[in-house]
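Reader: I'd like to go through the labels on this one and see what backs them up. Can you walk me through it?

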Amino acid sequence: MEGFSWGNYINSNSFIAAPVTCFKHAPMGTCWGDISENVRVEVPNTDCSLPTKVFWIAGIVKLAGYNALLRYEGFENDSGLDFWCNICGSDIHPVGWCAASGKPLVPPRTIQHKYTNWKAFLVKRLTGAKTLPPDFSQKVSESMQYPFKPCMRVEVVDKRHLCRTRVAVVESVIGGRLRLVYEDSEDRTDDFWCHMHSPLIHHIGWSRSIGHRFKRSDITKKQDGHFDTPPHLFAKVKEVDQSGEWFKEGMKLEAIDPLNLSTICVATIRKVLADGFLMIGIDGSEAADGSDWFCYHATSPSIFPVGFCEINMIELTPPRGYTKLPFKWFDYLRETGSIAAPVKLFNKDVPNHGFRVGMKLEAVDLMEPRLICVATVTRIIHRLLRIHFDGWEEEYDQWVDCESPDLYPVGWCQLTGYQLQPPASQSSRESQSGSSKQKKKAKSQQYKGHKKMTTLQLKEELIDGEDYNFLQGASDQESNGSANFYIKQEP
């Protein structure tokens with residue numbers, strides 16, 4: 001981590017970061033307002049020889065997630081003293097804060113000679129300018145309060161057997177991310193990281209209520225101080241109507257492989273659970289006992305109708321060992337005596353998410369979920385994002401939903417105190433033989449089918465003649481306007 005600076009990385013490569021408003025689960029994600037270039041703030045003046053801490057006004061030159069490139073007022077086009085800082089940091093204040101707090105505004109030493117009447121200069125420059133809302137720091141603080149607490153018990157996917165859940169206990173909470181320790185882990189090292197809004201965690205009793213497999217713990221009674229997490233704290237799934245046409249066992253579909261998130265695979269519904277949950281297996285690589293089936297909700301953005309990859313020119317991973325290539329769904333359905341899950345049952349909602357190809361962000365390496373890495377959006381298919389980890393080969397890319405709680409704005413790690421993994425250099429990639437990425441490669445090789453490029457040739461029989469357009473959402477994102485602020489001359 002030493003030596004990596006988002007500011008230098010963005011500046012030297014002219015990168016663009018995904019705006020904070022793309023991340024509704026992140027601090028300030030829903031109340032960022034219209035913070036943008038030219039917004040003015042009061043910040044410590046580091047170009048000063050006074051022994052006490054003094055402040056000056058600066059304007060946002062460039063925004064990258066939570067991070068802003070600031071230029072002190074009075075420097076005009078001179079970028080010599082520009083500096084990056086986290087807008088949510090404790091030293092950033094709206095214009096007027098110094099006057100209200102009795103703190104001195106002192107112009108930087110480099111430009112002190114430029115004006116004799118700095119008060120008149122500021123009044124002229126700042127009249128009509130925008131600044132942060134007066135309650136900005138309070139909102140930041142409130143948005144970083146998390147309802148999950150250490151010692152809470154949850155049900156979470158068993159990372160060694162995806163088909164079942166286990167009881168785990170919240171060990172720590174950082175920025176809404178939970179370090180969970182499986183309750184029957186004797187040395188407390190068997191852990192699992194996820195966000196509190198992850199679809200992988202549930203309230204105690206969830207597995208029994210929907211008919212999901214569950215690993216009984218040897219622990220007969222709760223340990224002192226441990227308590228069940230209130231059910232209302234968990235992410236809600238959409239209610240579905242299972243009374244009409246619905247998913248059935250044996251139906252085929254396409255699914256992101258949870259053990260190799262760079263691939264979308266040919267898959268089968270193996271079991272229909274209650275409340276809209278489905279157990280799914282990857283064709284050609286399933287264990288005989290179903291221990292590698294995994295649970296997705298019917299509205300999950302990680303499952304797709306037959307033909308989704310072909311229509312969107314995504315490489316579909318065929319069943320392991322399947323020799324009739326290139327893979328054709330029509331032939332495969334006939335050979336296996338299967339039917340495709342009806343298109344109309346899949347989630348077609350596409351939020352107006354705001355992501356664009358090339359945007360930078362901080363993303364969880366879901367194969368090693370304690371790691372958060374410097375990453376880039378490289379493809380967008382409706383609501384599906386292809387996330388590339390900077391410095392790593394494309395085989396480590398991951399398909400992730402636009403609303404995934406495992407994506408964060410640039411500056412999130414700094415804001416929350418989480419460690420950010422910098423881009424891998426060529427030398428570190430070659431030398432880290434024991435790194436998470438290397439382990440991931442070994443772990444996931446068995447799930448990779450034959451690679452092929454797809455072409456746009458879809459047989460009508462596969463899509464039931466239904467209109468198969470996933471339309472891009474067009475509603476404008478609302479932004480909370482911050483009012484104009486005027487600096488007042490002190491009498």
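**Labels and their cut-offs**

Author: Let's start with a network of salt bridges, which links Asp158, Lys159, Arg160, Arg164, Arg166, Asp184, Asp190 and Lys215. This is a predicted model, where local features need pLDDT of at least 70, side-chain atom pairs count only at pLDDT 80 or more, and totals for chains, interfaces and linings use all residues. Residues are numbered from 1 along each chain as its sequence is written, and side-chain values use heavy atoms, with hydrogens and water left out.

Reader: What makes Glu76 and Lys114 a salt bridge?

Author: The term asks for a side-chain nitrogen of Lys or Arg within 4 Å of a carboxyl oxygen of Asp or Glu. The closest N and O atoms of Glu76 and Lys114 are 2.6 Å apart, so the pair qualifies. Glu76 sits in the loop between β4 (67–72) and β5, and Lys114 in the loop between α2 (97–101) and α3, so the contact ties together parts that are 38 residues apart in sequence.

Reader: Why is Ser90 called exposed?

Author: Exposed means over 50% relative accessible area, buried under 20%, and partly exposed in between (1.4 Å probe, protein chains only). Ser90 comes out at 70%, so exposed it is.

Reader: And what is Glu76 by that scale: buried, partly exposed or exposed?

Author: Partly exposed, because its relative accessible area is 38%. Lys114, at 35%, counts as partly exposed too.

Conventions: Helix = DSSP H or I, 4+ residues; strand = E, 2+ residues; numbered from the N terminus.
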